[in-house]
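Thanks for coming. Please have the view open while I talk.

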Amino acid sequence: MKTCKALVVRNEPVFSVAVESIPRPEPGPGEVLLQIQWSAVNYKDALALSEKGGVIRNYPMTPGIDLAGIVVESRDSAFPAGLPVLVTGYGLGVSRPGGLSDFQAVPVDWLVPLPTNLSPREAATIGTAGFTAALAVRAVTAKTTPEQTILVTGASGGVGSFAIALLAQLGYKNITAVSRKPEAVKQLTELGANRVIRPEELLSDQPRPLSKQLFHGVIDTVGGDLLAQILPAVYYGGVAALCGNAGGIKLTTTVLPFILRGITLSGIDSVNVPMTLRRAVWQELADDLHFLQQLSVTEIALADVPATAQALLAGSHSGRTIVKL
Ligand SMILES: NC(=O)c1ccc[n+]([C@@H]2O[C@H](COP(=O)([O-])OP(=O)(O)OC[C@H]3O[C@@H](n4cnc5c(N)ncnc54)[C@H](OP(=O)(O)O)[C@@H]3O)[C@@H](O)[C@H]2O)c1
């Protein structure tokens, strides 16, 4: 029997996470077998590795919502053996075994052929975090201009860092990064933020439904109280792209920023993006990869994933961590 090496999360007899040698997956109808070269560790992967994370649909599970690799077995002429591909989202690593394995069987409907100018390592570096940031940047740039002020929260994280780098690449000069980490200021400035503030600077003891207008666009990865206090400070006609909930899922607000300032809330989902848009966004990312140069990327092995996941959940992780298979 052919085997492969994978990270496996089990919920019995007790909750456990370990690198195991398991039978190599067999592709079913409509699937291909991939040899995975790179995966990554996203916030959702960290939740998948945690007992109360609530993202894994069935156990045992190999997590990993991102992968980049090569088709090694296929009955589909559109995705022949030898084709480099990437997959992010859908049910990868959540309802079906994911990218933290050296082989995986994946539905052909999930495959994005790797753009020719993108390496598998670069694809995994971008991964769900960069793809989500690109969707959020599209939403914000559709309603703002490069001289206007954009606020990015959870700035030192994967989505936040990419969002700043992509905005800077598009010529945005007034990017305010919100980070709880004083040590991240230099890196965020190098990425393109012209101002780095702490979340407390946006939080008031007596929040008002409308406050001084400060931001034309917002890319938010934190949610909760921080987002609730940012919305009243969005300029007339501005936009807030909501990507994440690192600080909480509740949003307590009023209708006033919407009905008196006409602001737009733009929800960002990276998981079920239709394939046409998915390919277009990946091609856009591949066409200008300058934004990758400043990014802090850490390369780890499969066995190091649990420690990185803990750092992500503790909010102490910065930049992007990719996993070499
Ligand atoms: N909508 C989608 O499809 C989609 C896709 C990808 C990710 N997400 C979500 O987006 C969020 C960010 O993902 P990521 O991969 O960038 O995660 P990440 O790398 O862990 O970044 C999250 C950042 O948020 C800040 N943060 C963490 N915990 C916080 C807390 N309790 N209160 C306030 N700020 C906190 C930290 O930045 P600072 O220390 O710099 O403040 C942290 O680096 C997550 O909620 C994730 O689930 C959604």
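**Walking through the model**

Tyr90 is not a glycine, although its phi is positive, about 50°. Keep in mind throughout that this is a predicted model.

Two other backbone details belong here. Glu12 and Pro13 are joined by a cis peptide bond, with omega about 0°. Pro13 sits in the loop between strand E1 (3-10) and strand E2 (16-23). A cis peptide bond also joins Tyr59 and Pro60, and there omega is about -10°. Pro60 is in the loop between H1 and E4.

Stay with that part of the chain for a moment. Ser50 is placed in the loop between helix H1 (43-48) and strand E4 (66-73). What does Ser50 touch, leaving out residues up to four places away in sequence? The contacts are Phe15 and Leu313. Ser50 and Ser95 are 45 residues apart along the chain, and their C-alpha atoms are separated by 16 Å.

Next, the strands around E4. Strand E3 (residues 31-40) pairs with E4 in the antiparallel sense, over 6 bridges. Within that pairing, Gln35 has Ile70 in E4 as its bridge partner. E4 also pairs with strand E5 (residues 84-88), again antiparallel, over 5 bridges. There the bridge partner of Ala68 is Leu86 in E5. As background, strands of a sheet pair through backbone hydrogen bonds, either parallel or antiparallel.

Now the parallel case. An open sheet is formed by 6 strands, in the order E10-E9-E8-E11-E12-E13, with parallel pairing. Which strands are at the edges? They are strand E10 (195-197) and strand E13 (264-267), each of which pairs on one side only. From one strand to the next, the twist averages 20°.

Inside this sheet, look at strand E8 (residues 149-152) and strand E9 (residues 174-178): they run parallel and are joined by 4 bridges. Val152 stands opposite Ala177 in E9. Helix H3 (residues 158-169) packs on the sheet and touches E8, E9 and strand E11 (215-220). The direction of H3 makes about 160° with that of E8.

On to the ligand. How many residues surround the ligand? There are 24, and the closest are Ser156, Val159, Ser179, Ile268 and Ser270. Lys181 has a polar side-chain atom 2.8 Å from an oxygen atom of the ligand. Ala246 has a backbone N or O atom 3.2 Å from an oxygen atom of the ligand. Ile268, already listed among the closest residues, has a polar backbone atom 2.7 Å from a nitrogen atom of the ligand. On its own, the ligand has 910 Å² of accessible area, and the protein covers 86% of that.

Last, the charged pairs. How many salt bridges does a search of the whole structure find? The count is 7. One of them joins the side chains of Glu284 and Arg138, at 2.6 Å from N to O. This pair links distant parts of the chain, with Glu284 in helix H7 (residues 275-287) and Arg138 in helix H2 (residues 120-141), 146 residues apart.

That is my tour. Questions, please.

Note on methods:
Residues numbered from 1 in each chain as written. Predicted model: local features only at pLDDT ≥ 70, side-chain atom pairs only at ≥ 80, totals over all residues. Heavy atoms only, no water. Pairing = 2+ DSSP bridges. Helix = DSSP H or I, 4+ residues; strand = E, 2+ residues; numbered from the N terminus. Axes fitted to C-alpha atoms, helices over the stretch in contact; angles between N-to-C directions. Contact = heavy atoms within 4.5 Å. Near = heavy atom within 4 Å. Polar contact = N/O pair within 3.5 Å; in protein donor to acceptor, adjacent residues only side chain to side chain. Areas by Shrake-Rupley, 256 points an atom, 1.4 Å probe, with all protein chains shown as cover. Salt bridge = Lys/Arg side-chain N within 4 Å of Asp/Glu carboxyl O.
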